Amino acid sequence: MLSQRQPAVFVGHGSPMYALEPNRYTAAWTTLGISLKRPDAILVVSAHWVTRGVWVTAMSKPKTIHDFGGFPQALFDVQYPAPGCPALADRVQELLNIPVTLEENEWGLDHGAWSVLKYLYPHADIPVVQLSLDGSKSASEHYELAKQLRPLRDENILMLSSGNVVHNLRTIDWHDDAKVYPWANQFNQFFISRMHSREHAPLVAWEDFGDAAHLSIPTPEHYWPALYTLALQDEHEQAQILIDGIEMSSIGMLSFIVK
């Protein structure tokens with residue numbers, strides 16, 4: 001009998017324009033999609049769905065959300081018509097020990113989800129459910145909440161988190177020859193070193209790292225998804241880097257897999 005266990009993946013999703021402009025990061029996502037055993041469904045935690053309380057999409061046909069502005073019309077024309085999976089939404093509600101609201105109308109798949117899934121599964125033929133980030137929770141609370149989702153990995157559900165470990169839009173350098181800020185590289189390397197040594201506590205308590213952490217994470221919603229993937233790691237598993245890099249001086253593109 002084939003194992004039903006799926007890995008947990010974190011993807012640094014970067015600019016929405018990557019959905020139209022393939023690059024070395026999107027090539028890595030494509031390679032990952034080819035290498036993975038086909039899941040029955042995908043549960044996505046995206047930096048772009050922050051709510052009061054915890055919500056999960058429960059519609060059968062989630063819409064493609066273009067949650068951005070100022071980009072070319074071609075980007076707004078992109079659709080990712082993957083089906084939803086109300087049964088998975090119910091399962092998430094069952095596993096979490098807090099109230100979870102089933103979202104059936106207003107949300108769908110935001111660009112933190114579809115801009116990555118477009119490369120992982122270009123046929124949009126695998127059901128996708130999104131889990132929101134409760135903006136009132138601390139990093140520690142997000143990490144502990146994510147642990148409760150571990151059984152899904154043994155139910156052939158791919159756990160995909162999408163954000164950026166380093167994400168400071170205010171300090172972006174748009175020049176082609178932009179150099180990485182020392183603080184961005186410092187925090188990125190700190191994250192990688194602790195990830196490889198399985199020291200999750202310092203990554204959960206990221207604020208203790210000092211100025212480099214606060215510059216890399218001016219707001220935490222892009223960082224929290226990485227903690228969800230770490231929390232899904234079992235004792236015998238390793239975290240492996242899929243691709244790394246820092247674009248525009250302060251947008252970290254680190255992606256990793258736990259398996």
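The largest cavity holds about 30 Å³ of space. The model examined here is predicted. One cavity of 30 Å³ or more is counted. Val45, Leu149, Met159, Leu160, Ser161, Tyr228 and Leu232 line the largest cavity. Strand β8 (residues 157–163) supplies the largest share of this lining, three residues. Six of the lining residues are nonpolar and one is polar; none is charged.

Helix α6 was examined next. This helix comprises 15 residues (182–196). Arginine 198, with a positive phi near 60°, follows α6. The buried residues of the helix are Trp183, Ala184, Phe187, Asn188, Phe190, Phe191, Ile192 and Met195. These buried residues pack against helices α7 (200–204), α8 (211–216) and α9 (224–231) and against strands β9 (239–243), β10 (246–247) and β12 (255–258).

The structure contains 15 aromatic pairs. The ring centres of tyrosine 181 and tryptophan 183 are 5.2 Å apart with planes at 10°, so this pair is stacked. Tyrosine 181 is partly exposed, at 27% relative accessible area. Tryptophan 183 counts as buried at 15%.

A tilted pair is formed by phenylalanine 187 and phenylalanine 190, 5.7 Å centre to centre with 45° between the planes. Both residues lie in α6, three residues apart, about one turn of the helix. Residues three or four places apart in an α-helix point the same way, because there are 3.6 residues a turn. Phenylalanine 187 is buried at 0% relative accessibility, and phenylalanine 190 is buried at 8%. Ring pairs link both into a cluster with Phe10, Phe191, Trp206, Phe209, Tyr223 and Phe256.

Key:
Residues numbered from 1 in each chain as written. Predicted model: local features only at pLDDT ≥ 70, side-chain atom pairs only at ≥ 80, totals over all residues. Heavy atoms only, no water. Helix = DSSP H or I, 4+ residues; strand = E, 2+ residues; numbered from the N terminus. Expected span 1.5 Å × (residues − 1). Buried < 20%, exposed > 50% of the residue type's maximum accessible area, 1.4 Å probe, protein only. Contact = heavy atoms within 4.5 Å. 1 Å grid on protein atoms, 1.4 Å probe; cavity = no way out; pocket = protein on both sides within 12 Å on 5 of 7 lines; lining within 4 Å. Points joined across faces, edges and corners; volume = space filled by probe spheres on them. Nonpolar A, V, L, I, M, F, W, Y, C, P; charged D, E, K, R; others polar. Phe/Tyr/Trp six-rings, centres within 6.5 Å; stacked < 30°, edge-to-face > 60°.
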